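The entries follow the order in which I checked things.

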Amino acid sequence: MRNIWKAFCALAFVGMMSLQAHAEEKNIVMGTMSWEDLVPISGITKKVLENAGYTVKVVEFSEWGIAYAALSKGDIQVLASQTDYAAADYWKKNKNKIEKLSPVSYGLYQGMAVPSYVDIDSIEQLNANADKLGNRIIGIEPGSGLMSDANNVVKAYDIKLKLVEGSTSAMTAALKSAVDRKEWVAVTVWDPSWMTKKFDLKFLKDPKGVFPPLQGYYWIGHKGFAEANPRARELMASVYVPITDITAMNAEVKDGKTMDEAIKGWIDSHTDLVNRWGNIKNY
């Protein structure tokens, strides 16, 4: 009888330690791309988790490949991403080590654009106006889904202009310089983005439909995150940020606010909604 009691006590102790260890799992390392559409999603979700007692460390990346490598290794636990098109190659490459958690927004569009004063409306018109456009299309980071799609467009339309790889900051600087001088320029860009509003850009029509349709945003996690962190996963699944709200926050950044200020303003004006998102059952 004494041995049975000892065994029972040992099992109870192990169970209590297990519960305590689980309860202490309140630290989350969140990855985000340092881009206008993903920073608001990450910032709002971070606040929801913090309201529920989690400590959230945010790690910023500038390339999908590095972010997905960190997620697959477990250096970060969660990441907001487009998995269907923009980052599809990285999702497929790492899918055995990561998992999809929940949708968080919808409506990303990526393409080629020009300022509204440029007198063309279609990708098919680029070659005929190559000289006016400096014989180039200014791109962004070579590892981005947008540049992968842009390269497909160049092949599909037999575009003679050079697709220039670089960085988002370099593209933005070149775009600003051209707009300030009312010069013709073509860039790869996305919406929602403050750039499309500030520089009054228009997307060129894509009659062959090479660029992807509107894309969704998802929270994805390191394999096993949802099972190990069911409450955090449910909190994250409650969050949904309409693309129009992301666009509005970017407009505020265009008008002089920092992105942190724009995110805080959105949270402050949606207090009831944010509180409802946090009203989930305990695990």
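Which residues in helix 2 meet which residues in helix 9? I found that Thr 45, Val 48 and Leu 49 in helix 2 meet Ala 232, Leu 235 and Met 236 in helix 9, where contact means heavy atoms within 4.5 Å. Helices (H or I, at least four residues) and strands (E, at least two) are DSSP runs, numbered from the N terminus.

Before going on I noted that this is a predicted model, in which local features need pLDDT of at least 70 and side-chain atom pairs count only at pLDDT 80 or more, while totals for chains, interfaces and linings use all residues. Residues are numbered from 1 along each chain as its sequence is written, and side-chain values use heavy atoms, with hydrogens and water left out.

Entry on the whole chain. I counted twelve helices and nine strands in the secondary structure of the protein, and I noted that its C-alpha trace spans about 95 × 40 × 25 Å along the principal axes. Of the 283 residues, 46% count as buried; buried means under 20% relative accessible area, exposed over 50%, and partly exposed in between, with a 1.4 Å probe and protein chains only. The accessible surface comes to about 14,100 Å², and 52% of this belongs to carbon and sulfur atoms; the areas come from the Shrake-Rupley method with a 1.4 Å probe. Among contacts between residues at least 6 apart in sequence, 80% join residues at least 24 apart.

Entry on helix 2 and helix 9. Two packed helices are described by the angle between their axes and the distance between the axes. For helix 2 (residues 38–51) and helix 9 (residues 230–238) I noted an angle of about 135 degrees, with the axes 10 Å apart. Axes here are lines fitted to C-alpha atoms, for helices over the stretch in contact, and angles run from 0 to 180 degrees between N-to-C directions. That angle makes helix 2 oblique to helix 9, since angles under 35 degrees count as roughly parallel, over 145 as roughly antiparallel, 65 to 115 as roughly perpendicular and the rest as oblique. The crossing of helix 2 and helix 9 is right-handed, a crossing being right-handed if the near helix is turned clockwise from the far one by less than a right angle, and left-handed if anticlockwise. I sorted the residues of this contact of helix 2 with helix 9 into five nonpolar, one polar and no charged; Ala, Val, Leu, Ile, Met, Phe, Trp, Tyr, Cys and Pro count as nonpolar, Asp, Glu, Lys and Arg as charged, and the others, Gly among them, as polar.

Entry on helix 2 and helix 11. The axes of helix 2 and helix 11 come within 10 Å and cross at roughly 50 degrees, and the two helices are therefore oblique to each other. Their crossing is right-handed. On the helix 2 side the contact is made by Val 39, Pro 40, Gly 43, Ile 44 and Lys 47, and on the helix 11 side by Met 259, Ile 263, Trp 266 and Ile 267. By class I noted seven nonpolar, one polar and one charged residue in the contact of helix 2 with helix 11.

Entry on helix 10 and helix 11. Helix 10 (residues 243–254) packs against helix 11 (residues 259–269) at an angle of about 135 degrees, with their axes 9 Å apart, which makes helix 10 oblique to helix 11. The crossing of helix 10 and helix 11 is right-handed. Helix 10 contributes Asp 245, Met 249, Asn 250, Glu 252 and Val 253 to the contact, and helix 11 contributes Met 259, Ala 262, Ile 263 and Trp 266.

Entry on Lys 197. I placed Lys 197 in helix 7 (residues 194–198), and at 34% relative accessibility Lys 197 counts as partly exposed. Leaving aside neighbours within four places in sequence, Lys 197 is in contact with Asp 191, Thr 247 and Lys 254. Asp 191 is joined to Pro 192 by a cis peptide bond, with omega about 20 degrees, and Pro 192 lies in the loop between strand 7 (187–191) and helix 7.

Entry on backbone angles. Lys 182, although not a glycine, has a positive phi of about 55 degrees, and with a relative accessible area of 56% Lys 182 is exposed. Asp 200, also not a glycine, has a positive phi of about 50 degrees and is found in the loop between helix 7 and strand 8 (201–203).
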